[in-house]
Amino acid sequence: LVFHLLQLKAQIAISNDISGAPIEAKNSPDEFKGNKYLKDAWTKGDVLQRDNKFFKDMDLKYDLIQDMLIFKNDKEDVLAFKYPVKEFHLKNRGTWSTLPSIYRNGYPATEKFTKESYYEVLAEGKASLLKKQFKTFVDAIAYGASETKKTLIDNEFYFLFYKDKMT
């Protein structure tokens with residue numbers, strides 16, 4: 001993994017020239033119950049765009065409903081990436097692992113997911129083990145309440161990517 005990261009950095013240039021489109025990053029309490037992001041807090045990470053621009057130590061959040069990565073710039077503005085992101089790494093501070101979590105797209109489409117969907121890369125080699133996390137809405141009634149409220153539920157699928165096929 002370390003060799004892969006060093007090789008990756010040798011082929012691309014680290015850039016400070018980032019542009020994005022403004023986006024609302026907060027959940028409306030009236031919309032639904034739950035958090036649409038992978039992690040509640042902003043997480044430091046690195047981003048590789050399809051044009052091979054590499055951005056280091058950014059504040060990132062991964063929206064599991066829209067399958068979209070957002071970032072916070074120096075002025076604390078919340079933005080969506082203007083150019084497509086190929087891969088991003090989230091630093092795992094506060095966990096037992098010191099290696100970053102790697103998320104990548106470009107895998108073949110499946111019944112539920114497109115080629116643009118991000119998968120966490122758990123292992124790579126002749127075959128890759130991938131994890132796809134996503135959230136779905138269910139209608140739920142809280143105890144003592146009379147109205148249903150949309151609630152987010154965590155889901156995950158595991159895939160084996162081998163010989164250009166997702167299983």
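**View A. Residues around the largest cavity.** Tyr37, Leu38, Lys39, Ala41, Thr43, Leu60, Lys61, Tyr62 and Leu90 line the largest cavity of this predicted model. The volume of this cavity is about 30 Å³, and the structure holds 1 cavity of 30 Å³ or more. Sorted by class, the lining consists of 6 nonpolar, 1 polar and 2 charged residues. Strand 4, which covers residues 53-63, gives the most to the lining, with 3 residues. Empty space of this kind is shown by rolling a probe the size of a water molecule over the atoms.

**View B. The largest nonpolar core.** This core has 15 residues, and those that touch the most other members are Val47, Leu60, Leu69, Phe81 and Phe88. Two or more residues each come from strand 4, strand 5 (68-72), strand 6 (78-81) and strand 7 (85-90). Strand 4 provides the largest share, 4 residues.

**View C. Another core.** A core of 10 residues lies apart from the largest one. Its members include Ile102, Tyr107, Phe113 and Met166. In soluble globular proteins, nonpolar side chains tend to be buried together.

View D. Lysine 165 belongs to strand 12, residues 165-166. Lysine 165 counts as exposed because its relative accessibility is 58%, and the cut-off for exposed is over 50%. In sequence, lysine 165 and threonine 110 are 55 residues apart. In space, the C-alpha to C-alpha distance between lysine 165 and threonine 110 is 9.4 Å.

How values were computed: Residues numbered from 1 in each chain as written. Predicted model: local features only at pLDDT ≥ 70, side-chain atom pairs only at ≥ 80, totals over all residues. Heavy atoms only, no water. 1 Å grid on protein atoms, 1.4 Å probe; cavity = no way out; pocket = protein on both sides within 12 Å on 5 of 7 lines; lining within 4 Å. Points joined across faces, edges and corners; volume = space filled by probe spheres on them. Nonpolar A, V, L, I, M, F, W, Y, C, P; charged D, E, K, R; others polar. Core = buried A, V, L, I, M, F, W, Y, C linked by side-chain atoms within 4.5 Å. Buried < 20%, exposed > 50% of the residue type's maximum accessible area, 1.4 Å probe, protein only.
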